[in-house]
Amino acid sequence: MILNLPNILAIFRVLLAPLMFWLLINANDFSGVHISWINYFAALVFVIASVTDFFDGYIARTWNQKTKLGAIIDPLADKMLTLAGFLGLMMIDRANPWAVYLILIREFFITGFRVVMASDGVEVSASMAGKIKTVMQMIAIGFLIMQWQGGVLLLWIAVGLTIFSGLEYVMAYVKAMRNKI
């Protein structure tokens with residue numbers, strides 16, 4: 001287990017996720033501080049965490065610092081961050097519960113499905129749709145935290161991309177299994 005810069009950035013993202021969640025669900029508890037300032041701070045925490053997602057992957061690839069720990073912690077950190085955002089936003093009535101439910105179901109399904117794929121010797125790396133899905137989820141979360149117009153539409157676009165990218169995993173697995181026969 002190597003603790004290199006990409007892994008440190010992913011661990012940092014893991015630590016920022018509950019902070020952002022806490023800020024979202026406790027924003028009304030800060031007496032004397034206008035809620036917009038708490039939103040700004042939650043958004044700042046989210047943006048910093050989101051930027052580490054780009055840099056940990058970039059550094060791992062560019063500096064040849066990919067590790068088994070990184071392969072585990074990077075997607076976990078992504079899910080912790082997006083789920084903290086969506087659950088927190090749902091709890092404060094800024095995100096539609098059905099949208100959050102569909103995203104959660106896909107994330108849990110694909111996480112379990114990747115275990116099945118690995119046990120069958122099928123390696124399916126993240127597709128471009130999966131990467132766009134993650135970016136769209138993060139943009140939607142940012143818009144919803146800041147209560148900007150279009151946040152709800154972006155959330156539903158993220159839901160569509162989330163479901164589509166999940167179907168891509170299933171189709172890639174089916175194709176790989178057919179090729180094994």
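In this predicted model, let's start with a helix pair: the axes of α3 (residues 68-91) and α4 (residues 97-119) come within 10 Å and cross at roughly 160°. Since angles over 145 degrees count as roughly antiparallel, α3 is roughly antiparallel to α4. The crossing of the two is left-handed.

Who does the touching? On the α3 side, the contact is made by Lys79, Leu83, Phe86, Leu87 and Met90, and α4 answers with Pro97, Val100, Ile103, Leu104, Glu107 and Thr111.

Now hop over to the segment before α1 (5-25), where Asn4 is found. Asn4 has a relative accessible area of 10%, so this residue counts as buried. What does Asn4 touch, once neighbours within four places in sequence are set aside? Gln65 and Thr67 are in contact with Asn4. With Gln65 there is a polar pairing to look at: a polar atom of the Asn4 side chain lies 2.8 Å from the backbone oxygen of Gln65.

Next, a look at phi. Most residues other than glycine have a negative phi. Is Asn64 buried or exposed? Its relative accessible area is 66%, so Asn64 is exposed.

Gln147 gives another case, this time in the loop between α5 (128-146) and α6 (151-180). Phi of Gln147 is positive, near 60°, and again the residue is something other than glycine. Gln147 counts as exposed because its relative accessibility is 52%, and the cut-off for exposed is over 50%.

Terms used
Residues numbered from 1 in each chain as written. Predicted model: local features only at pLDDT ≥ 70, side-chain atom pairs only at ≥ 80, totals over all residues. Heavy atoms only, no water. Axes fitted to C-alpha atoms, helices over the stretch in contact; angles between N-to-C directions. Helix = DSSP H or I, 4+ residues; strand = E, 2+ residues; numbered from the N terminus. Parallel < 35°, antiparallel > 145°, perpendicular 65-115°, else oblique. Left-handed = near helix turned anticlockwise from the far one by under 90°. Contact = heavy atoms within 4.5 Å. Buried < 20%, exposed > 50% of the residue type's maximum accessible area, 1.4 Å probe, protein only. Polar contact = N/O pair within 3.5 Å; in protein donor to acceptor, adjacent residues only side chain to side chain.
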